[in-house]
Amino acid sequence: MAHFNRHPITPWILLAPQLLIVAVFFFWPAYQAIEQAFYVEDAFGLSREFTGLSNFVSVLSEPEYLTTLWTTTYFSFAVAFGAMALALGLAVLADRVLRGAHAYKTLLIWPYAVAPAVAGVLWLFLFDPTLGILPELLSAIGIDWNHKLNGDQAMLLVVLASIWKQMSYNFVFFLAGLQAIPKSLLEAAAMDRAGPWRRFWTITFPLLSPTSFFLLVMNVVYAFFETFGTIDATTQGGPAGSTRTLVYKVYEDGFVGQDLGSSAAQSVLLMVIVGVLTLIQFKYVEKKVQY
Amino acid sequence: MATLALKQLKKQYPNGYKALHGIDLAFGEGELIVIVGPSGCGKSTLLRTLAGLEDISEGDLEINGKRVNELEPAERDIAMVFQNYALYPHMSVFDNMAYGLKNRRTPKDEIQQRVSEAAELLGLTELLDRRPKQLSGGQRQRVAMGRAIVRKPQVFLFDEPLSNLDAKLRVQMRLEIRRLQKRLKVTSVYVTHDQTEAMTLADRLVVMNGGHVEQFGTPMALYDQPASQFVAGFIGSPAMNFLSATQAQTGLALPCGATIALQGEGLATGAELTLGIRPEHLQVLGAADALPAGAAELEARIELVEPLGADTLAYCRLQGQSEPLVVRLDGEHAVAEEQTLRLAILPARAHLFGADGKRLATREQATAAIE
């Protein structure tokens with residue numbers, strides 16, 4: 001301690017690179033967004049006028065915004081639930097693999113290294129109505145796949161692509177969580193006459209709850225923000241706004257529609273929504289978590 | 001209550017390691033059997049094969065005369081107390097004990113009754129609402145036993161259940177386990193590496209070494225008649241002293257020059273063997289005392305004294321012997337380091353082991369002392 005007191009600057013120098021990055025890429029844009037949300041700018045960006053809360057009022061009274069909010073809600077739920085359930089299933093299987101476990105795990109972790117846009121393009125090609133393999137196969141069983149026209153199919157596509165991308169992340173955490181459960185607990189349960197299914201739901205699953213809770217928070221944040229690249233590369237929010245999530249609308253209104261004030265107001269709202277969701281998760285879900 | 005029989009039981013792991021080489025044992029109803037041995041001797045593997053947590057590679061395991069090799073752990077009606085207790089951390093003490101009963105769809109009021117009975121028996125009634133992490137080591141141990149008891153199984157298995165407890169608690173829990181087992185009369189198999197625990201608990205004792213059974217018998221039989229040098233060295237604390245000896249015309253010649261009127265049965269003159277004598281069986285002679293008939297006389301210089309209160313252990317240097325000779329003396333015996341003790345090995349107290357480590361039959365040479 002005495003050492004630090006003599007050189008009060010040292011810790012700050014050591015922290016500086018990180019602080020600089022956070023300041024440039026988070027605090028400054030966040031501040032800009034909040035400031036921007038209270039102004040209306042002219043079409044050429046030459047002048048702007050303070051308008052108070054009018055940006056927020058117009059966003060919230062827009063029926064399209066509520067539609068987008070609803071779309072985002074079920075998109076996020078589908079992605080978070082799907083990515084977690086699949087990852088948990090795969091982690092349980094991987095935990096049992098004895099031979100070639102390393103290769104198996106590495107292969108499952110790979111999708112995380114793929115950029116969201118690339119993941120989106122990958123799925124786009126697979127499902128392309130004219131070029132893709134899957135619509136060809138689907139038509140054989142009587143399903144007419146065209147996500148460029150069918151909103152539900154478009155939603156399914158972005159959900160699939162987003163799940164595929166996030167699953168690896170969840171898999172790593174679930175696998176670590178599973179491996180932290182002492183084998184003797186499951187052996188004790190086996191001797192206590194619990195079958196594999198019951199062992200999983202009464203022992204493994206409750207003991208994984210801290211991991212699941214952490215992943216729930218991370219997956220909701222992921223679905224809200226980080227799926228932008230995937231959506232932009234596959235459906236661009238279409239058809240007819242059926243895959244337009246809040247973050248995509250922020251981009252559309254601001255950078256395509258050039259309505260920076262409204263876009264900024266929406267991004268502030270988005271920040272608030274995610275903040276509130278995270279708070280709710282900590283307050284209510286965490287209580288049921290077994291540490 | 002059940003009988004257990006192991007017939008040529010073998011265990012080989014997929015990587016080729018052979019943990020058990022043909023174990024033949026039979027345990028009677030209500031017996032408390034202790035399996036003891038150094039780490040890696042296969043004792044835990046043996047217990048886990050009994051539990052059904054490890055497959056049996058060859059041979060048969062029978063409970064009440066019925067082969068159970070292929071039965072799942074749950075179907076064998078066996079309860080096990082694990083070394084780390086393996087309590088479910090997210091359940092209360094009550095739920096921990098009730099879990100096995102719930103899985104068998106036992107009626108609610110019966111669960112309630114059986115758990116409270118077991119809790120009463122183990123002094124856990126006040127703790128039923130607690131979580132395992134709010135309990136002390138001894139309490140967790142009791143919960144683990146309670147979980148085994150409520151199920152009223154045919155067989156109890158204990159996998160080094162006391163090794164995580166401190167020394168004082170270990171002695172206390174050892175007594176409790178013994179008392180409980182006597183009261184419930186459930187056939188029990190108890191694995192430990194601690195020979196004191198093994199001696200005090202066992203009705204009968206299995207000493208294992210390198211995947212083999214070295215000896216199976218009552219604790220006192222193993223103490224009095226160890227079948228091998230390994231058992232002799234493992235059972236008894238402090239361990240038996242071993243002296244190298246040579247078969248001579250009139251008895252056995254010890255490296256320090258002494259002779260004892262004792263011979264290994266069927267050995268040629270000049271054959272090398274090992275003589276074992278327990279620290280408590282070395283007789284201390286006063287300067288004027290006559291040497292008992294046939295005994296070997298040793299002059300041992302004390303290097304280190306360990307007073308234990310009731311006893312005093314003297315670690316002595318003996319000529320021609322690299323290992324120190326341990327002598328157990330009365331607590332009142334005043335001895336000092338650097339002092340020389342005059343000791344006698346009586347032929348009746350000596351154990352002989354051949355070059356293969358097996359016990360040799362002995363022949364006392366009554367005439368040797370007279371010559």
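User: What makes two residues count as a contact in this predicted model, and how many residues does each chain bring to the contact?

Analyst: Two residues are in contact if their C-beta atoms, placed from the backbone, lie within 7 Å. In this predicted model, chain A contributes 15 residues to the contact and chain B contributes 16 residues. Helix H9 (183-191) and helix H10 (196-207) of chain A each provide at least two residues of the side that touches chain B. H9(A) gives the most to that side, with six residues.

User: What is the division into nonpolar, polar and charged residues on the side of chain A that touches chain B?

Analyst: That side of chain A holds nine nonpolar, two polar and four charged residues.

User: Why is helix H2 (residues 93-103) of chain B called largely enclosed by the rest of the structure?

Analyst: A residue is buried if 20 or more other C-beta atoms lie within 10 Å of its own. Eight of the eleven residues of H2(B) are buried, and the helix is therefore largely enclosed by the rest of the structure. The buried residues are Val93(B), Phe94(B), Asn96(B), Met97(B), Ala98(B), Tyr99(B), Gly100(B) and Leu101(B). They pack against helix H3 (108-122) and helix H4 (137-150) of chain B. Just after H2(B), Arg105(B) has a positive phi of about 55 degrees.

User: Where does UniProt place the feature "transmembrane region" in chain A, and what is the helix content of residues 199-225 and of residues 264-285?

Analyst: The unreviewed UniProt entry places this feature at residues 12-31, 74-94, 106-126, 154-178, 199-225 and 264-285 of chain A. Residues 199-225 of chain A are 96% helix and 0% strand, with end C-alpha atoms 36 Å apart. Residues 264-285 of chain A are 100% helix and 0% strand, and their end C-alpha atoms lie 31 Å apart.

User: How do you know that strand S17 (residues 296-307) and strand S20 (residues 340-345) of chain B pair?

Analyst: Two strands pair if DSSP finds at least two bridges between them. Ala344(B) in S20(B) is the bridge partner of Glu297(B).

User: What makes strand S16 (283-285) and strand S19 (325-330) of chain B edge strands?

Analyst: The open sheet has five strands in the order S16-S20-S17-S18-S19 (chain B), with antiparallel pairing. S16(B) and S19(B) each have a single partner strand, so one side of each lacks a neighbour in the sheet. On average, neighbouring strands of this sheet are turned by 50 degrees against each other, direction ignored.

Conventions
Residues are numbered from 1 along each chain as its sequence is written. Chains are lettered from A and ligands numbered from 1 in the order in which they are written. This is a predicted model: local features need pLDDT of at least 70, side-chain atom pairs count only at pLDDT 80 or more; totals for chains, interfaces and linings use all residues. Helices (H or I, at least four residues) and strands (E, at least two) are DSSP runs, numbered from the N terminus. Ala, Val, Leu, Ile, Met, Phe, Trp, Tyr, Cys and Pro count as nonpolar, Asp, Glu, Lys and Arg as charged, and the others, Gly among them, as polar. A residue is buried if 20 or more other C-beta atoms lie within 10 Å of its own, exposed if 12 or fewer, and partly exposed in between; C-beta atoms are placed from the backbone. UniProt positions are given in the numbering used here, feature names are shortened, and annotations may be inferred rather than shown by experiment. Axes are lines fitted to C-alpha atoms, for helices over the stretch in contact, and angles run from 0 to 180 degrees between N-to-C directions.
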